[in-house]
Structures are given as C-alpha cells and as structure tokens.
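Q: Can we go through this one together? I'd like to start with the terms.

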Amino acid sequence: RLLDGEVALFRSDDQALAWLEGIVGGGRASVSLAASEWTMFRGNETRTASTHGGVPLINFRWSLPTINDPQDEQKVKSLARSMRDRGEPNVVALQPLVVQDSVIIRAPDSSKLIGVDLRTGKRQWVFPPFDDSPAVQATRSSAPPARGGNSANLRDQELKQRVWDDHAFGQVSSDGRQVYVIDDLGYAATGNAMNRQVVIGRGGRPTINSGWSKSHNLLVALDLKKQGYQAWAVGGTTGDNPSLAGAFFLGPPLPLGDQLYALVELNSELRLVCLSAKDGSLEWKQQLAVVEDNQQIEMDRVRRLAGASPSYADGVLVCPTSAGAVVAVDLTTRSLRWGYQYPRWDVIHRSSGAFGVRTMFAGANAAQGQWIDGTATIADGCVVLTPVESQELHCVDLLTGKARWPAQPR
C-alpha cells in the first residue's frame, strides 16, 4: 500500500529490484569516486580511499625540506642508507594531508606541523609558531646523556623513531575546517636515556629529560581559515577540558560530521571518546579495555608507536586497541557490539602473583618482521585487520565480529 493506492507485489525474487525501481525510480550508478582531498590517513573513514593516478613526472612542481637542521638531515640520509643495506622496508610514518588548497606536513626534527600552499609550495603557517613551546623542546633531549652515553647515537634513535616508527606522531586528520594533531608527545621507551624522566648530567646533577616517555599528550585543533591558529586543546596537563586531564591519545581522531572519535588511555583504561569538533568538549565515552600496570602506554613500546585510530562503516565504529583485541561500537546505541581477540607476538610470559597478573614483553626486534599499519580496513561488510602486535592477517564480519576465515600467518 502506497500513498496513492496499492501495488501488486513481485511474483519472484529476480523481479524484486525491477519492481522497486518502478515505484521509487532507478538508483544511481555505482561510481568509484576518486578523492580530490586527503583529509585523513588512508583517505576516508573506511580507510579505502583512492585517487586518480598519472604518469611519472619528469620534474617536480615544487619541493620543501621537512628537516631544517643540516646535521639532522645527514643523519636521516645515513639511517635510510643503513636500512636499505639491511633490506629493511623504508616506509616512513609521516603521512601528509591535502585539505582544500593546503598540504599539511609534519616536521620530524622539530615536531612542528607545517601548512604549505598546494600550488606554490610556500609555507602558509607553522604550529607551534615559537621554538620555546613544550612540544618543540621535547623533540630533543635537552639533558646531557647519562654517563657513558652517546648523544649522537641517542639523536639517531630519536630521528629513526620519528621518521619511520612513530605513527601516532606522523598521522594527522582533518574535517576540512580544522586539522587535528597530537602534540606534546614524548618518545617511546627504548631502554636508554630516552626512557628516563631524570638523567644524570655533568657534575652528577640530576636533570629533567624533556624527551622522556610520557603517559599523557595533547590533542590540538587548528583552524585552517585562521592559518593554523589553535582553536582548542584537550588532554595532557594543560588541556581545556579537566575531564580529559592526563589522557594519552593513541592516535589522531576520526572526524564524522561535527564529532570526533578518538582512542585514549586514561587511568589504566582504554576508552573511546566522542568529542565536539567545535570546542573539544567531551560528549560521551565508552570503556573498551583495561591495561595492566606494566602494560601502560609509557612501557608498551609496540602499542605506543602504533597510532591507533578508529574506522567506520554502516553505523559501526571499529577500534583497534593495539593490545591484543579489536572492539566494535554501535554508534546508534553507543554500546559495545563485539570484541575480537588474538595472541600478541611480543608477549613471552604471563604470570599471576601477589601483585596480580604480570606480563613480560619480548624485545623490539623479537618478531621476524611485523605489520607496519594496524588500521582496520572495512569493505563489503568485512573488516580486515593487520594488528602491529599480531603475526597474522585477520578478517571478521563487520556486524558480528565473527571470523570470516581462519587467521593467516603473515
């Protein structure tokens, strides 16, 4: 029964689509739209965007160095040659965006975010604008190395981490109006002076190490119309929202409409938080998992570097935790829909004692290679998972979380 009368139903299933088109009209042809902008990592919320390719250009239109210190530039070139000679994949963690008429680039030697004119290559704005900001100061360990340490080797490790390993640092997102970047981000634990909050300097004096592995950071929103002016910041110790004080954002947020969805660690809990894009206020939150005391972000190197951000399709937000599980949240009801667990390659021992369950992690090079990108890919009702803490390829159903086929060895 329709508004203007009754219509006979179709007689067989193969007539159903033609019957429906006769009532409501033909659907639009399925067209694979190429992205004209690149506003987030992998282009869109399902992480499957594509763009028009072209023939290789003989000459580039413009070029802009992202490392301004000549010594750092030489170090990065030397590190790249060493990786090539060892047969390691030279895939950088720095992911530029194209938003409106700007290219957004992260500078690994200063932690600055640079807005560049897409047509001319000229710098339009820089954040933070001053070199005395906490984020810029944290890019270099201001304290002298501990006794017997090697400052040159320490700087090599810092640059190697920022350029190739630190996806939380290298990824940025945008909704077309603002750019969202993680700021005040310390280095991941390495077992040397970079992992110490206080180091011993000359004369045996203790000195604060500004580059130590931190348990908090800042999510900052920059206004594109105001040339990268800071609109708001949440998290850390200086954020605008007290309810998110001390939070560690695992990766850049996923913008959907006027809301931002981000994964944070706060008080030993992994949470999904929904923020207002306008002012960064917390609209709602959902607990996803609880981490052990010795598995917190400043101690878990693999999870710290992963850069975990949600993916979205068909009302379901897929949240990789980088802690041995992926959790899906139904945005309609704001409730957990399913969880999918898998073994971590870097856990070598778990034991129970008087102080609870303790987990021992393998060294950073224990695995014979690992996934570089742990972002969930969604297509045709399937979620394809390549967790950085797993040695397998996983595929699960988007709506139920059940495995579509057995996990395959990497």
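Predicted model: local features only at pLDDT ≥ 70, side-chain atom pairs only at ≥ 80, totals over all residues.

Q: Ok, which strands each supply at least two residues of the lining of the second largest pocket?

A: Strand E15 (282–290), strand E18 (325–330), strand E19 (335–341) and strand E20 (347–353).

Q: And how many residues line that pocket?

A: The second largest pocket is lined by 21 residues. Gln295, Ala323, Gly324, Ala325 and Gln341 lie nearest its centre. By class, the lining has 13 nonpolar, 5 polar and 3 charged residues.

Q: How much space lies in it?

A: About 340 Å³.

Q: Back to E18 and E19. What order do the strands have in their sheet?

A: The order is E16-E17-E18-E19, in an open sheet with antiparallel pairing. Strand E16 (311–313) and E19 are the edge strands, each pairing on one side only. From one strand to the next, the twist averages 20°.

Q: What pairs with E17?

A: Strand E17 (residues 316–320) pairs with E18 over 5 bridges, in the antiparallel sense. For example, leucine 317 has valine 329 in E18 as its bridge partner.

Q: What holds paired strands together in general?

A: Strands of a sheet pair through backbone hydrogen bonds.

Q: New topic: what about the sheet with E22?

A: That open sheet has 4 strands in the order E22-E23-E24-E25, with antiparallel pairing. Its edge strands are strand E22 (377–379) and strand E25 (403–409).

Q: How many bridges join E24 to E25?

A: There are 4 bridges between strand E24 (residues 392–397) and E25. Glutamate 392 has proline 409 in E25 as its bridge partner.

Key
Residues numbered from 1 in each chain as written. Heavy atoms only, no water. Pairing = 2+ DSSP bridges. 1 Å grid on protein atoms, 1.4 Å probe; cavity = no way out; pocket = protein on both sides within 12 Å on 5 of 7 lines; lining within 4 Å. Points joined across faces, edges and corners; volume = space filled by probe spheres on them. Nonpolar A, V, L, I, M, F, W, Y, C, P; charged D, E, K, R; others polar. Axes fitted to C-alpha atoms, helices over the stretch in contact; angles between N-to-C directions.
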